[in-house]
Amino acid sequence: GRVASGSLDSTIKIWDLPTKRCVLTLTGHMGIVNSISRLIDGRLVSGSYDHSIKIWDATTGKCEATLTGHSNVRCVIQLNDGRIASALHNGTIMLWDISTYECLITLIGHTQSVRSLTQLKDGRLASASLDKSIRLWDTTFGKCVSIFTTKSEVGAVIQLKDESLAVGTIDSNIELWNISNGEHLVTMTSYHAGRVNSLVELSDGRIASSFLEKNINLYSFGKRFNCGKIYQPSKDILS
């Protein structure tokens with residue numbers, strides 16, 4: 001298999017996992033590449049500090065399209081219907097047609113940078129922002145349908161298998177929320193101070209979180225909520 005990484009040097013690198021070698025470098029962005037996602041058709045979409053989204057052929061490394069009109073792009077994902085959603089530093093979210101590369105809807109409501117996006121199982125879009133809120137959006141009409149207010153700025157959000165939301169904050173906590181009624185369920189505190197940049201649910205149900213301050217924590221939850229293993233890479237972790 002292969003994996004793609006975005007870099008501070010504005011490039012995207014494709015890595016061969018068995019050999020651990022870089023097999024392709026994609027160039028074209030003029031700023032930090034903050035986010036990369038794989039599209040349904042196998043291409044890559046990337047978001048950058050250069051105020052653009054780029055669509056790439058992951059085999060040849062050719063840039064097929066550049067979508068402009070953003071502020072700094074913090075996160076980019078593809079929705080189930082094929083559209084691309086981009087989260088921006090100015091607090092807006094833009095939804096793009098993958099065929100025409102036109103912006104169809106701009107979601108307005110957040111007052112500070114939107115750092116993370118995830119699509120829920122029911123089709124709604126969840127966004128996490130430095131304005132201390134998570135918003136749920138109807139992506140057909142571009143309407144905000146729910147707002148969850150947190151105690152600190154939010155850097156990451158995912159939906160878990162039990163359909164609750166896991167939210168990572170800049171003060172190193174992970175909060176769980178019930179999306180049906182907006183109830184805050186629990187707050188898990190890390191052993192290390194630092195901003196949570198990304199979250200992922202593992203196959204065994206634990207949550208892995210990465211921190212800018214060179215830590216990766218694993219959390220288990222159920223009757224008890226605790227931080228288990230801690231990994232410490234040698235460099236700051238962006239995602």
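How many residues lie between β4 and β5 in their hairpin, and which residue in the turn has a positive phi? The two strands are separated by 5 residues, and Gly 42 in the turn has a positive phi of about 100°. The structure is a predicted model, in which local features need pLDDT of at least 70 and side-chain atom pairs count only at pLDDT 80 or more, while totals for chains, interfaces and linings use all residues. Residues are numbered from 1 along each chain as its sequence is written, and side-chain values use heavy atoms, with hydrogens and water left out.

Strands here are DSSP runs of E with at least two residues, numbered from the N terminus, and two of them pair if DSSP finds at least two bridges between them. Strand β4 (residues 33-38) pairs with β5 in the antiparallel sense over 5 bridges, and Ser 35 has Gly 47 of β5 as its bridge partner. On β5 there is also pairing with strand β6 (residues 53-56), again antiparallel, over 4 bridges. Here Gly 47 stands opposite Ile 53 in β6. β5 and β6 form a hairpin with 4 residues between them, and His 51 in that turn has a positive phi of about 70°.

Strand β5 (residues 44-48) is mostly covered, with 5 of its 5 residues buried; buried means under 20% relative accessible area, exposed over 50%, and partly exposed in between (1.4 Å probe, protein chains only). In a regular strand the side chains alternate between the two faces of the sheet. Both faces of β5 are covered: Leu 44, Ser 46 and Ser 48 are buried on one side, as are Val 45 and Gly 47 on the other.

A salt bridge is a side-chain nitrogen of Lys or Arg within 4 Å of a carboxyl oxygen of Asp or Glu, and the structure holds 5 of them. Arg 43 forms another with Glu 64, where the closest N and O atoms are 2.9 Å apart. This second pair links distant parts of the chain, 21 residues apart: Arg 43 is in the loop between β4 and β5, and Glu 64 is in strand β7 (residues 63-67). Within it, Arg 43 counts as buried at 15% relative accessibility, whereas Glu 64 counts as partly exposed at 37%.

A further salt bridge joins Asp 122 to Arg 124, the closest N and O atoms being 2.9 Å apart. Arg 124 is partly exposed, with a relative accessible area of 21%. Arg 124 is also among the residues in contact (heavy atoms within 4.5 Å) with Thr 118, a list that leaves aside neighbours within four places in sequence and includes Ile 77, Leu 125 and Val 157. Thr 118 belongs to strand β12 (residues 114-119) and is buried, with a relative accessible area of 14%.

Two loop residues deserve a separate remark. Most residues other than glycine have a negative phi. Tyr 101 has a positive phi of about 60° although it is not a glycine; this residue is found in the loop between β10 (93-96) and β11 (103-107). Lys 132, likewise not a glycine, has a positive phi of about 70° and lies in the loop between β13 (125-129) and β14 (133-138). Tyr 101 is partly exposed at 27% relative accessible area, and Lys 132 is partly exposed at 35%.
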